[in-house]
Amino acid sequence: MSETRGHIERRSVRLTVNGQMREIAVEPRTTLLDALRDGLGLTGTKKACDRGECGACTVHVEGRRILSCMTLAMMQEGNRITTIEGVERNGELHPVQAAFIERDGFQCGFCTSGQIMSAIAVIEEAKAGWPSAATDDVRSPLSAG
């Protein structure tokens, strides 16, 4: 990490976000969450606890769910990142998004994007054979974001 007159030097990082290659200059300590929200203007991913406890900042990296407040943007160089803004296809909501609307799955709505991203990932994990489709097997990973 190099400093210049009291400021930390920004470095370029290339990320594929929602199918588009994006390049952004970030400080080495910038979280993926802050890079997405502040650097790229993708505000669907929410900043809540900022400690990896609530799951509001959940995004997918290379198809796996992660808490974006707990990883540095620089560590995701070259990875495919999907945010809530990127799960719809051809103007159609993702089925999990549609189910949240149809079943009024919102509480205050703040952490909804993280819940949807977690649910999508758990469904994909179940399709891949883990966990089993049992209710308790799905509740546990969803409760952790």
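Helices here are DSSP runs of H or I with at least four residues, strands are E runs of at least two, and both are numbered from the N terminus. You're looking at a predicted model, where local features need pLDDT of at least 70 and side-chain atom pairs count only at pLDDT 80 or more, while totals for chains, interfaces and linings use all residues. Numbering runs from 1 along each chain as its sequence is written, and side-chain values use heavy atoms, leaving out hydrogens and water.

Now step back to helix 1, residues 32-39. Its buried residues are Leu32, Leu33, Ala35 and Leu36 (buried is under 20% relative accessible area, exposed over 50%, partly exposed in between, with a 1.4 Å probe and protein chains only). Show strands 3 (11-17) and 4 (20-26), which are among the elements covering them.

Next, click Thr30, in the loop between strand 4 and helix 1. Thr30 counts as buried because its relative accessibility is 17%. Leaving aside residues up to four places away in sequence, Thr30 touches Ala35, Leu72 and Ala73 (contact means heavy atoms within 4.5 Å).

Move on to helix 2, residues 95-102, and pick out its buried residues: Val96, Gln97 and Phe100. Look down the axis of helix 2: these residues fall within an arc of 105°, so they line one face (the arc is that of the directions from the helix axis to the C-beta atoms). On the other side of helix 2, Pro95 and Glu102 are exposed.
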